[in-house]
Amino acid sequence: MAIIVIFAVLLGLGSAASGSAADGKVGSKAPMFKIERSDSTVALDDMKGKWVLLQFWASSDADSRIACKQYTMLEQNQESSNSGERFHLLAINLDRSERLFREIVRRDGLSAESQFFIERSNAEKFIDDYHLESGLSSFLIDPNGRIVAKNPSEQQLIELAIN
């Protein structure tokens, strides 16, 4: 019995030291990534010192698509207000088709600058690193690269913009 307890403790310490997101728990370090597209490249590591709202969405997941629209509107509202920019939206689409992704961005009026499509072959890394399940998730990442909220509410983001 003691061996099982020791093994469980060692396993827990090993996973805590790995630095991966622990299902978006407050204080977990956000896994780093780099996304390239024809007109730009974004790396989470380059955004240290800024608040980042990282959202994973797909056209087949209605809740994540609605959240994407809401987060885009919040980002646009903060940019147009005198309070300045408080968070950067990085929305990562996990659809099977880039053509479908582009059509949804156009139809929903999403900001093309904050939208990124990930090929299905690369999506598995994000799914594993961020422990994504059905009902895709959003993560609020602080300027130090730590996850401070999973699926933050509009109120949490408004409060961030006020402070």
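1. F33 and F126 are both buried, where buried means under 20% relative accessible area, exposed means over 50% and partly exposed lies in between, with a 1.4 Å probe and protein chains only. The relative accessible area of F126 is 8%. F56 has 0% and therefore counts as buried.

2. This is a predicted model, in which local features need pLDDT of at least 70, side-chain atom pairs count only at pLDDT 80 or more, and totals for chains, interfaces and linings use all residues. Residues are numbered from 1 along each chain as its sequence is written, and side-chain values use heavy atoms, with hydrogens and water left out.

3. Seven aromatic pairs are counted. Rings of Phe, Tyr and Trp (its six-membered ring) pair if their centres lie within 6.5 Å; planes under 30 degrees apart are stacked, over 60 edge-to-face, and the rest tilted. F33 and F126 form an edge-to-face pair, at 5.2 Å centre to centre and 65° between the planes. This pair links distant parts of the chain, since F33 is in the loop between α1 (2–16) and β1 while F126 is in helix α4, 93 residues apart. F56 and F126 have ring centres 5.9 Å apart and planes at 55°, so that pair is tilted. With F56 in strand β3 and F126 in helix α4, the pair ties together parts that are 70 residues apart in sequence. Ring pairs link F33, F56, F126, Y130 and F139 into a cluster.

4. The chain has five helices and seven strands. Helices (H or I, at least four residues) and strands (E, at least two) are DSSP runs, numbered from the N terminus. Their order along the sequence is α-β-β-β-α-β-α-β-α-β-β-α. Of the 163 residues, 41% count as buried.

5. Of the contacts in the chain with a separation of 6 or more, 65% are between residues 24 or more positions apart; contact means heavy atoms within 4.5 Å.

6. S59 lies in the loop between β3 (51–57) and α2 (62–80). Its relative accessibility is 18%, so S59 counts as buried. Leaving aside neighbours within four places in sequence, S59 is in contact with R65, N93, D95, L100 and I104.

7. What is the volume of the largest pocket? The value is about 490 Å³. A pocket is an open set of points on a 1 Å grid over the protein atoms alone, with protein on both sides within 12 Å along at least five of seven lines; a cavity is a set where a 1.4 Å probe fits but cannot get out, and lining residues have an atom within 4 Å of a point. The largest pocket is lined by 25 residues, and I35, E36, R37, F116 and F117 lie nearest its centre. At least two lining residues come from each of β1 (34–36), α3 (98–108), β5 (115–117) and α4 (120–129).

8. One cavity of 30 Å³ or more is counted. The largest cavity holds about 40 Å³ of space, where grid points are joined across faces, edges and corners and a volume is the space filled by probe spheres set on the points. Residues lining the largest cavity include M32, L44, K48 and D142.
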